[in-house]
Amino acid sequence: MNWLLIGIAALLEIVWASSLKYADSLLDWFLVITLIAVSFLLLIRAYKTIPVAIAYAVFVGLGTVGTYLVGIFLGEPFSIYQIAFLLMILSGIAGMKLTTGTKKKNLQRGEQ
């Protein structure tokens with residue numbers, strides 16, 4: 001469940017990070033700040049069972065990849081080398097997720 005919260009928080013990060021370039025009114029900035037707050041509240045909630053370093057790395061990694069892809073969609077330049085390094089970030093995120101258990105799983109195995 002908390003990995004889902006991190007996924008939702010990362011999606012919100014993609015939206016607010018991409019919106020920073022286009023926000024130019026008080027309402028726009030209010031929405032961006034609200035998205036930032038909700039995004040971090042979800043992340044903080046996920047910290048209850050997922051180690052902070054892993055949760056934050058996954059959150060930032062997904063946000064980075066998503067924001068980059070939105071930038072491409074909006075017409076920003078990109079290169080094959082950047083895509084290759086983006087794939088490295090994704091493989092790192094997958095590795096972090098696959099090698100991280102939750103407190104509940106660790107407790108069932110007798111670990112702390």
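How are α3 and α4 oriented to each other, roughly parallel or roughly antiparallel? The legends below take up this question and related ones in a predicted model, in which local features need pLDDT of at least 70, side-chain atom pairs count only at pLDDT 80 or more, and totals for chains, interfaces and linings use all residues. Residues are numbered from 1 along each chain as its sequence is written, and side-chain values use heavy atoms, with hydrogens and water left out.

**Figure 1. Overview of the helices in the protein chain.** The protein chain holds five helices and zero strands, and its elements run α-α-α-α-α from the N terminus on. Helices are DSSP runs of H or I with at least four residues, strands are runs of E with at least two, and both are numbered from the N terminus. Of the 112 residues in the protein chain, 29% are buried, where buried means under 20% relative accessible area, exposed means over 50%, and partly exposed lies in between (1.4 Å probe, protein chains only).

**Figure 2. Packing of α3 against α4.** The axes of α3 and α4 are 10 Å apart, and the two helices pack at an angle of about 150°, so α3 and α4 are roughly antiparallel to each other. Here the axes are lines fitted to C-alpha atoms, for helices over the stretch in contact, and the angles run from 0 to 180 degrees between N-to-C directions. Angles under 35 degrees count as roughly parallel, over 145 as roughly antiparallel, 65 to 115 as roughly perpendicular, and the rest as oblique. The crossing of α3 and α4 is left-handed, a term used if the near helix is turned anticlockwise from the far one by less than a right angle, with right-handed used if clockwise. A53 lies in helix α3 and, with 56% relative accessibility, counts as exposed; its C-alpha atom is 10.0 Å from that of M96, a residue 43 positions away in sequence.

Figure 3. Helix α1 (residues 2-19) and helix α2 have axes that come within 8 Å and cross at roughly 160°, which makes α1 roughly antiparallel to α2. This crossing of α1 and α2 is left-handed. E13, a residue of helix α1, is buried with a relative accessible area of 11%, and its C-alpha atom is separated by 7.4 Å from that of L35, although E13 and L35 are 22 residues apart along the chain. A37 belongs to helix α2 and counts as partly exposed at 37% relative accessibility; the C-alpha atoms of A37 and E13, 24 residues apart along the chain, are separated by 9.9 Å.

Figure 4. The crossing in which α1 passes α3 is right-handed. G71 is found in helix α3 and counts as buried at 7% relative accessibility, while a distance of 7.3 Å separates the C-alpha atoms of G71 and S18, which are 53 residues apart along the chain.

Figure 5. Side chains of opposite charge can pair when their charged atoms come close. A salt bridge is taken here as a side-chain nitrogen of Lys or Arg within 4 Å of a carboxyl oxygen of Asp or Glu, and by this rule the count comes to one salt bridge. In that pair, E76 forms a salt bridge with K21, and the closest N and O atoms are 3.1 Å apart. The pair links distant parts of the chain, with E76 in the loop between α3 (52-73) and α4 (80-98) and K21 in the loop between α1 and α2, 55 residues apart. E76 is partly exposed, with a relative accessible area of 34%, whereas K21 counts as exposed at 57% relative accessibility.

Figure 6. F40, L41, I44 and Y56 make a nonpolar surface patch of about 380 Å². Patches are made of residues with over 30% relative accessible area and no salt bridge, with like charges joined within 9 Å and nonpolar side chains (Val, Leu, Ile, Met, Phe, Trp, Tyr) within 5 Å. Accessible areas come from the Shrake-Rupley method with a 1.4 Å probe, and for residues only the protein chains shown count as cover. Helix α2 (residues 26-46) gives the most to the nonpolar patch, with three residues. L41 is found in helix α2 and counts as exposed at 56% relative accessibility.
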